[in-house]
Amino acid sequence: MTGNDAIRIGVLFSQSGPMAVTEHAHLQGVLLACEEINQSGAINGRKLDPVILDPAGSDERYAELATELLVKHRVNFIFGCCLSTSRKVVLPHVERHNGILFYPSVYEGFEYSPNVIYGGAVPNQVVLPLLEYIYRTRGNRIALIGSDTLFAREINRIVREFLQESDGKVVVEQYFPFADQPAQFTPLLRSLANENVSAIISTVVGESSVAFYNALEAAGIKGEDLPIASFTTTEAELIKVSPTGRAGHLLVAPYFGSLDTTANQSFLAAFKKRYGAETPSVYSQVCYTQVQMFAEAVRAGGGVETEDVLSALSGAVFKSPGGDLFLDTDTNHFTMRPLIGRARESGSFDVAWRCDTVIRPDPYLVGYDRSLKGHLVE
C-alpha cells in the first residue's frame with residue numbers, strides 16, 4: 001500500500017540471468033524489511049514504497065535502470081547490485097545525482113564512495129580468516145577456481161599475495177564463464193585428485209556455483225576430503241545442490257541462518273512466515289539489515305534527503321540478526337565478526353570457527369603485511 005507521502009526506495013537486483021539465485025535472496029531481505037516496517041507504524045507514519053526493477057544480469061541495464069530510478073522515479077536511495085561490475089557501472093550515476101547506493105555483497109575492496117554504504121565484508125574480514133583456518137586445519141596447497149569476474153580475479157590476486165608470503169602454493173588457478181552445467185568443471189576437478197590439494201578456494205558465483213558443487217560430487221570427490229572454501233556460496237545456493245554434494249564444504253561470512261541467538265530466531269520466524277521453509281542467507285540478512293538501518297536513520301534524522309540520511313547513519317549501530325553492526329565512518333563499511341561454517345547435507349551450516357573479536361574494515365589492506373605467520377587462528 002502506498003500513498004502520496006510514501007518514501008520511495010529503488011530496488012535493483014536481477015531476477016533472471018546468471019546471478020538470479022543470489023540476487024533473489026537479496027530481494028527477499030529487502031521486501032521482508034519493508035513489510036515489517038510498514039506493518040509496525042512505518043517511518044514516522046510514512047510507508048516504504050519499493051520500486052523494483054530487474055536488470056536481468058546485464059551491467060548495461062543496471063546503469064540504465066539506476067538512472068531511471070534516480071530521475072524518473074525520483075528515488076534518492078537504491079538497494080542493489082551484487083557483482084562488482086554492476087556496482088561500478090551504477091556508482092557514477094548515484095554520485096552524479098547525489099543518491100545513496102546500499103550495496104549488500106562481499107566484495108574485493110579497494111573502493112570508497114561517500115554515496116555508498118557497503119554492507120558486505122571486505123578481504124581483511126574474510127580472506128585472512130579463511131586462509132588462516134585452511135592453513136591450520138587442511139594445509140597450504142590451494143586451488144583457486146572462479147567465475148570469470150572482476151571479483152574473482154581481484155580476490156585471488158590478494159589470496160596469491162598472502163600465499164606467496166606464507167609458504168603456500170597455488171596448485172592451479174582457473175576461471176570459467178557463467179554456465180549452469182557441471183560438465184565445464186569436470187576435467188579440472190578430476191585432475192586435482194593427484195595434486196594433493198588442501199582446499200579449493202572458490203570465487204565461483206551465482207548459478208555457476210550450483211553446477212560447480214554438483215561437478216565435484218560427480219567427479220567422486222567428497223567435501224570432507226577436498227572442501228570447497230567459498231566467500232559466496234550460501235544457503236541460497238546450496239539448497240539447489242544435490243544433498244550429498246553439500247556436506248563438508250566451507251563458507252566464510254558474518255552470518256549463517258543456523259545462528260542460535262534471540263535476534264536471529266526472530267528473523268528466522270519472520271523469514272519463514274513470509275517465504276516458507278527457506279533458510280535465509282547472509283545476502284537476505286544484509287539487505288534486511290540495511291533497510292532497517294535506513295528506516296532508523298530517517299526516523300532519527302527527520303528527513304529523506306541524502307545528507308539527512310548520511311548524517312544519521314554516521315557511527316550507527318544496529319542489532320542485526322547476525323549481531324551488532326557498526327558503520328565505520330572513515331570507510332562507509334561495517335565492522336563485523338567473521339564466522340566460518342561447515343555445510344551439512346541439509347544445506348545449512350555448523351559454525352566451525354568464530355572470531356574472538358569484531359574486525360574493523362580495512363578495504364585497502366593498509367594495515368596488513370601479506371604474511372599469515374603469527375596470525376593463525378586458534
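## Helix 4 against helix 5

Helix 4 and helix 5 lie oblique to each other, in what is a predicted model. The reason is the angle of about 45 degrees at which helix 4 (residues 123-137) and helix 5 (residues 150-164) pack, because an angle under 35 degrees would count as roughly parallel and one of 65 to 115 degrees as roughly perpendicular. The axes of the two helices are 11 Å apart, and their crossing is right-handed.

On the helix 4 side the contact is made by Pro123, Val127, Leu128, Leu131 and Tyr135. These meet Ile155, Ile158, Val159, Phe162 and Leu163 of helix 5. By class, the residues of this contact comprise 10 nonpolar, no polar and no charged.

Seven strands form an open sheet with mixed pairing, in the order 7-6-8-9-10-14-15. Strand 7 (169-176) and strand 15 (349-354) are at the edges; each has a single partner strand, so one side of each has no neighbour in the sheet. Direction ignored, neighbouring strands are turned against each other by 25 degrees on average.

Ile340 has Trp353 in strand 15 as its bridge partner.

## Helices across the sheet

Helix 5, described above for its contact with helix 4, also lies across strand 6 (141-147), strand 7 and strand 8 (199-203). Its direction is at about 175 degrees to strand 7.

Helix 7 (residues 207-218) lies across strand 6, strand 8 and strand 9 (228-230). Relative to strand 9, helix 7 runs at about 160 degrees.

## Strands 1 and 2

Strand 1 (residues 7-12) is largely enclosed by the rest of the structure, because five of its six residues are buried. Strand 1 pairs with strand 2 (residues 48-53) in the parallel sense, over six bridges. Within this pairing, Leu48 of strand 2 is the bridge partner of Ile7.

Ala56 is in the loop between strand 2 and helix 2 (59-72). Its phi is near 55 degrees, a positive value in a residue other than glycine. The relative accessibility of Ala56 is 40%, so Ala56 counts as partly exposed.

Phe110, in the loop between strand 4 (100-103) and strand 5 (116-118), is not a glycine either and has a positive phi of about 60 degrees. Phe110 has a relative accessible area of 31% and is partly exposed.

Definitions and conventions. Residues are numbered from 1 along each chain as its sequence is written. This is a predicted model: local features need pLDDT of at least 70, side-chain atom pairs count only at pLDDT 80 or more; totals for chains, interfaces and linings use all residues. Side-chain values use heavy atoms; hydrogens and water are left out. Axes are lines fitted to C-alpha atoms, for helices over the stretch in contact, and angles run from 0 to 180 degrees between N-to-C directions. Helices (H or I, at least four residues) and strands (E, at least two) are DSSP runs, numbered from the N terminus. Angles under 35 degrees count as roughly parallel, over 145 as roughly antiparallel, 65 to 115 as roughly perpendicular and the rest as oblique. A crossing is left-handed if the near helix is turned anticlockwise from the far one by less than a right angle, and right-handed if clockwise. Contact means heavy atoms within 4.5 Å. Ala, Val, Leu, Ile, Met, Phe, Trp, Tyr, Cys and Pro count as nonpolar, Asp, Glu, Lys and Arg as charged, and the others, Gly among them, as polar. Buried means under 20% relative accessible area, exposed over 50%, partly exposed in between (1.4 Å probe, protein chains only). Two strands pair if DSSP finds at least two bridges between them.
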